[in-house]
Amino acid sequence: MASGCGCGGGSGGGGCGSSAKTAPTVDIEPVGAVQFEPAQAERAVADEAPQLIASSEQEWPIISVNGVSIAPQAMAQELQYHPAESREEAVYQAARALVIRELLQQRIAELGLALQVGAGENEEEAATRLLLEREVQVPQCDEATCLRYYDSNRARFHSAPLLAVRHILLECAPDDAEARSLAHVQAELLLERLDQFPGSFAELALKYSACPSKEQGGSLGQISKGQTVPELERQLFALPAGLASKPLESRYGWHVISIDQRIDGQPLPYEAVATAIRTQLQQGVWQKALVQYLQTLIGAADIRGIHLQGADSPLVQ
């Protein structure tokens, strides 16, 4: 384990044995790219409660969409993609996905869309993308909307904090209770020694640490969020500068920690996050419009054997 302790740092910072430093990052929720796929359309109506219309004697419900039956074999095959707590829930999710897929395919056929298959797409994915591009029109988020969001959520827009950290790793397996107990005792003894002799950290790291960073006096360099295991990260970023008053535990063992420098995240100006805000808001608008479009298709269709929420009139403006 010494070849990769998972601590997230090493000589010069950024990871064990790495010399690269991590640049500050924007601490906001990640925003994914919009994908036009049948699976996305299925997820857009995924919050409904299961309501299958079928008797308890039937292994598969009898479902049709505008007179087109959903074959039991198709439901059986689709079932593998919908893990759930019960078979009833999984069957409902699989049936719903197939109904939405059939609705989209029927609408594509009705419009007679000419396929333009892009890189990495199959014909169904390309047809679905073209359909949604044509029929799901969403307004663009203007500058005023983005500014209002920024002003209302300023606490979210900060550069990532950085820590300059040294540690001594007392390695032990996560399932070895006796070894963990002994390592904890040893870590406490090392802390007592460091309280008496603050300048001995490098010496003790070289002698006792199981991390490769021991060759650099236990230095992990600069650590930012996401560079170490979650259970250690939560504790590290809550610490003030200086020697930690107690050992920290992770899946790798017990850590004696010294925070040599703490650089808290700084507020970011609107200009630095405007693109991320606009992308995030636009994604939310798109998802809402997609749900409304699917509800419109459902409301206009003759769907038998399963209940899905639909709309009686078009909702997409």
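Tutor: Two residues are in contact when they have heavy atoms within 4.5 Å of each other. By that rule, and leaving aside its neighbours within four places in sequence, V285 is in contact with V138, P139 and C141. This is a predicted model, in which local features need pLDDT of at least 70 and side-chain atom pairs count only at pLDDT 80 or more, while totals for chains, interfaces and linings use all residues. Residues are numbered from 1 along each chain as its sequence is written, and side-chain values use heavy atoms, with hydrogens and water left out.

Student: Where is V285 found, and why is V285 called partly exposed?

Tutor: V285 lies in helix α9, a helix being a DSSP run of H or I with at least four residues, a strand a run of E with at least two, both numbered from the N terminus. Buried means under 20% relative accessible area, exposed over 50%, and partly exposed in between, with a 1.4 Å probe and protein chains only. The relative accessible area of V285 is 28%, so V285 is partly exposed. The C-alpha atoms of V285 and V138 are separated by 6.9 Å, although the two residues are 147 apart along the chain.

Student: What makes α4 roughly perpendicular to α9?

Tutor: Helix α4 (residues 123-135) and helix α9 (residues 270-300) pack at an angle of about 100 degrees, with their axes 11 Å apart. Axes are lines fitted to C-alpha atoms, for helices over the stretch in contact, and angles run from 0 to 180 degrees between N-to-C directions. Under 35 degrees counts as roughly parallel, over 145 as roughly antiparallel, 65 to 115 as roughly perpendicular and the rest as oblique, so α4 is roughly perpendicular to α9. In this packing L131, L132 and E135 of α4 meet W286, L290 and Y293 of α9.

Student: How do you know that α3 and α9 are roughly perpendicular?

Tutor: Helix α3 (residues 87-111) and α9 pack at an angle of about 85 degrees, again with axes 11 Å apart, and the two helices are therefore roughly perpendicular to each other. I100, L103, L104 and R107 of α3 make the contact with Y293, L294, L297 and I298 of α9.

Student: Why does the end-to-end distance of α6 agree with its number of residues?

Tutor: The expected span is 1.5 Å times one less than the number of residues. For the 20 residues of α6 (residues 177-196) this should be 28 Å, and the end C-alpha atoms are 29 Å apart, which agrees.

Student: How do you know that the buried residues of α6 line one face of the helix?

Tutor: The buried residues of α6 are R180, A183, A187, L190, L191 and L194. Seen down the axis of α6, they fall within an arc of 105 degrees, so they line one face of the helix; the arc is that of the directions from the helix axis to the C-beta atoms. On the other side of α6, E178, L182, L189 and Q196 are exposed. Among the elements covering the buried residues of α6 are β3 (162-171), α7 (201-208) and β7 (253-263).

Student: Which residues of α7 are buried, and what covers them?

Tutor: F201, L204 and A205 are the buried residues of α7, and what covers them includes β3, α6, β5 and β7. On the other side of α7, E203 and K207 are exposed.

Student: Why is S200 called buried?

Tutor: S200, placed in the loop between α6 and α7, has a relative accessible area of 6%, so S200 is buried. Not counting residues up to four places away in sequence, S200 touches R193 and L194.
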